[in-house]
Amino acid sequence: MKAFMDKDFLLSTDTAKKLFHTYAEGMPILDYHCHINPQEIAEDRKFENITQVWLGGDHYKWRQMRSNGVDEYYITGAASDREKFQKWAETLEKAIGNPLYHWSHLELQRYFGYTGHLNGETAEEVWNLCNAKLQEDSMSVRNIIRQSNVTLICTTDDPVDSLKWHQVIAADESFDVQVLPAWRPDKAMNLEKPEYTDYLKKLGEVSQIEVKSFADLKAALSARMDYFSKNGCSVSDHALEYVMYAPASDEKIEEIFGKRLQGEAVTREEEMMFKTAFMQFVGREYHRRNWVMQLHYGCKRDNNGLMYKQLGPDTGFDCINNYAPSAQTADFLNSLNVTDELPKTILYSLNPNDNEAIGTILGCFQDSSAVGKIQQGSAWWFNDHKTGMQAQMTSLANLGLLGNFIGMLTDSRSFLSYTRHEYFRRIMCDLIGGWVENGEYPADFTALKKITEGISYRNAVEYFEFNL
């Protein structure tokens with residue numbers, strides 16, 4: 001029997017162990033997509049207790065606590081932090097086979113030196129140990145980032161954001177990790193939302209362009225892209241229901257936009273036409289600016305209407321959507337490619353059944369302008385577990401070039417989540433190591449070093465063209 005999560009955790013062959021310990025383990029981390037708050041980095045926040053850093057805003061954990069019958073009072077309610085931690089500990093011990101079990105214990109090992117296992121009985125011990133450690137200067141936000149060997153972070157930022165905290169960080173020479181904004185214009189695209197016109201007023205104010213037409217919207221967004229570029233942005237990100245393609249004339253788009261500004265209802269067909277035009281516009285802008293376009297899709301959000309009214313979005317009530325027509329994805333990319341305006345693009349679907357479709361779409365639009373110009377993103381959200389990562393990488397290897405894969409991202413609101421990169425690297429090394437051990441790839445460690453270090457870090461640096 002192997003020891004619980006020892007140094008060879010998830011590494012089942014000698015080759016896997018060599019790939020991880022010799023090549024992958026020591027590579028830096030490039031966190032090109034996350035949801036952490038730049039203000040907390042700028043202010044170098046220190047957390048009072050483990051609940052604040054572990055459970056605050058973490059809807060992955062909230063879902064599991066609800067599955068364990070925990071009352072909402074102990075999840076997002078008014079219970080004390082110690083009570084919430086106890087309920088989480090009692091839930092975690094049942095999470096056998098769940099990535100949260102592994103992530104939580106990797107974090108306890110790497111940041112707090114705790115090698116036991118957390119459950120209801122050990123909760124008091126772990127609570128006291130972690131809280132004492134969190135009082136040390138080494139556990140401030142900036143020092144957590146430093147000890148995690150992170151070189152660059154891209155946050156997620158709305159076009160109306162002032163980017164004040166990014167500017168504060170950039171001006172501080174005492175912190176050498178780059179923290180860059182990433183452009184997330186979902187609110188500017190989602191004209192079906194009831195608060196859409198209010199958002200357009202904010203966009204008009206910050207861009208100094210009153211938005212009275214779709215042409216005005218494009219001008220305002222372009223102005224804000226200029227501002228983001230000046231603040232180091234070169235990455236965009238979109239949360240889409242699916243990658244749609246419903247082309248319409250400029251006149252039709254202006255008509256649809258005008259209806260919405262007048263408070264009239266927009267049909268589903270008109271919504272898709274508008275969003276197609278919106279995405280074509282920003283895609284061309286990204287190409288012109290050499291920005292990377294990330295497309296996250298395949299999620300059905302806010303399914304529990306009762307809890308949405310109580311807690312709002314991003315609180316653990318989303319699921320996989322199985323509607324993502326690959327033909328429309330290909331047609332959308334082609335609409336940009338036909339005029340040579342397709343930017344480097346990363347496709348992430350929440351539905352693992354889309355892996356093969358994405359893998360075949362990639363090959364249609366690769367060219368010599370970039371290595372792996374069109375990428376399949378790492379296993380995302382409900383898929384960033386062992387099985388999901390293995391499936392995504394195996395599919396990519398079968399249909400594309402795994403050696404050009406840009407690897408893992410954190411996609412988290414927690415500063416302790418950098419161990420997810422270790423988790424990913426162990427799984428990646430075990431997968432590749434298994435192929436070598438099985439005679440499916442030679443034991444050519446010169447090539448294997450390049451592949452392993454590339455997927456761990458180097459490919460992303462080259463792909464995004466960051467100055468590191």
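Buried means under 20% relative accessible area. The model shown in these close-ups is predicted.

**View 1. Strand 5 (residues 292-297) is mostly covered.** Of its 6 residues, 6 are buried. In a regular strand the side chains alternate between the two faces of the sheet. On one side of strand 5 lie Val292, Gln294 and His296, and on the other Met293, Leu295 and Tyr297; both faces are covered.

**View 2. Strand 5 pairs with strand 4 and strand 8.** Strand 4 (residues 235-240) runs parallel to strand 5 and is joined to it by 6 bridges. Ser236 has Met293 of strand 5 as its bridge partner. Strand 8 (residues 345-349) is also parallel to strand 5, with 5 bridges between them. Here Met293 stands opposite Thr345.

**View 3. The largest nonpolar core has 144 residues.** Residues with the most contacts inside this core include Ile41, Leu118, Ile145 and Phe464. Helix 14 (residues 268-289) contributes the most to the core, with 9 residues. Beyond its neighbours within four places in sequence, Ile145 is in contact with residues including Ile41, Val150, Phe175, Phe415 and Tyr418.

**View 4. Helix 20 (residues 445-464) has a kink of about 75 degrees, centred on Gly454.** From first to last C-alpha, this 20-residue helix reaches 26 Å, close to the 28 Å expected at 1.5 Å a residue. Gly454 is buried, as are Glu453 and Ile455 among other residues of helix 20.

**View 5. The two ends of helix 20.** At the start, a side-chain oxygen of Asp444 comes to within 3.2 Å of the backbone nitrogen of Thr446. Glu465 follows the helix and has a positive phi, near 60 degrees.

Conventions. Residues are numbered from 1 along each chain as its sequence is written. This is a predicted model: local features need pLDDT of at least 70, side-chain atom pairs count only at pLDDT 80 or more; totals for chains, interfaces and linings use all residues. Side-chain values use heavy atoms; hydrogens and water are left out. A nonpolar core is a set of buried Ala, Val, Leu, Ile, Met, Phe, Trp, Tyr and Cys residues joined through side-chain atoms within 4.5 Å. Buried means under 20% relative accessible area, exposed over 50%, partly exposed in between (1.4 Å probe, protein chains only). Helices (H or I, at least four residues) and strands (E, at least two) are DSSP runs, numbered from the N terminus. Contact means heavy atoms within 4.5 Å. The expected span of a helix is 1.5 Å times one less than its number of residues. The bend at a residue is the angle between axes fitted to the seven residues ending there and the seven starting there. A polar contact is a pair of N or O atoms within 3.5 Å; within protein, one must be able to donate a hydrogen and the other to accept it, and residues adjacent in sequence count only if both atoms are side-chain atoms. Two strands pair if DSSP finds at least two bridges between them.
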